[in-house]
Amino acid sequence: VQLQASGGGLVQAGDSLRLSCAASGRTFSSYVMGWFRQVPGREREFVATISGGGAGVNYQESMKGRFTIPRDNAKNEVYLQMNSLKPEDTAVYYCAASSRFSTLPGHYYYWGQGTQVTVSS
């Protein structure tokens, strides 16, 4: 499966932003989808994940209540809705696909190219 992330940009602290990830292929609903983020010099960090049917979701603790990860299997898309953004949310955000409901980047086989999110104070 090929993934294409989009929607990043420069926003101010407190703003909202929605990232999108479009997937190719006919088996999108069979994949667990995840969002990760990375800043230079640091390891890739888990943000959120959602099961194939959408019933199961998991978030990094610090993002609970601010971020949500809906998906639309009819459109082969997954989203990351980010509210109340903080400067420390600045990173490159990646979407990824896996057969495992996991928070570990190593469990994800397919990755999008990343989209930059910058939050100014």
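Is Arg37 buried or exposed? Arg37 is buried, with a relative accessible area of 7%. Buried means under 20% relative accessible area, exposed means over 50%, and partly exposed lies in between (1.4 Å probe, protein chains only).

This is a predicted model, in which local features need pLDDT of at least 70, side-chain atom pairs count only at pLDDT 80 or more, and totals for chains, interfaces and linings use all residues. Residues are numbered from 1 along each chain as its sequence is written, and side-chain values use heavy atoms, with hydrogens and water left out.

**Salt bridges**

The structure holds 4 salt bridges. A salt bridge here is a side-chain nitrogen of Lys or Arg within 4 Å of a carboxyl oxygen of Asp or Glu. Side chains of opposite charge can pair when their charged atoms come close. The table lists three of these pairs, including the one made by Arg37.

| Glu45 | Arg37 | 2.7 Å |

Arg66 sits in the loop between β6 (57-59) and β7 (67-68), and Asp89 in the loop between β9 and β10, so their bridge ties together parts that are 23 residues apart in sequence. Strands such as these are DSSP runs (E, at least two residues), numbered from the N terminus. Both Arg66 and Asp89 are buried. Through shared partners, salt bridges join Arg37, Glu45, Arg66 and Asp89 into one network.

Glu45 is partly exposed at 25% relative accessibility. Glu61 is exposed, with a relative accessible area of 60%.

**Nonpolar cores**

In soluble globular proteins, nonpolar side chains tend to be buried together. A nonpolar core is taken as a set of buried Ala, Val, Leu, Ile, Met, Phe, Trp, Tyr and Cys residues joined through side-chain atoms within 4.5 Å. The largest one has 28 residues. Met33, Trp35, Leu80, Met82 and Tyr93 touch the most other members. Two or more residues come from each of β1 (3-6), β3 (17-23), β4 (32-38), β5 (45-50), β9 (77-82), β10 (91-98) and β12 (115-120).

Which residues does Leu80 contact, leaving aside its neighbours within four places in sequence? They are Leu17, Arg18, Leu19, Trp35, Val47, Ala48, Phe67, Thr68 and Tyr93. Contact means heavy atoms within 4.5 Å.

**The disulfide**

There is 1 disulfide, defined as a pair of cysteine sulfur atoms within 2.5 Å. Cys21 is joined to Cys95, with an S to S distance of 2.1 Å. The pair links distant parts of the chain: Cys21 is in strand β3 and Cys95 in strand β10, 74 residues apart. The link is right-handed, with 65° about the S-S bond. Both cysteines, Cys21 and Cys95, are buried.

**Positive phi**

Most residues other than glycine have a negative phi. Asn76 is not a glycine, yet has a positive phi of about 55°. Asn76 is in the loop between β8 (71-72) and β9, and is buried at 16% relative accessibility. Ser84 also has a positive phi, of about 50°, without being a glycine. Ser84 is in the loop between β9 and β10. Ser84 is partly exposed, with a relative accessible area of 43%.

Definitions and conventions. Helix = DSSP H or I, 4+ residues; strand = E, 2+ residues; numbered from the N terminus.
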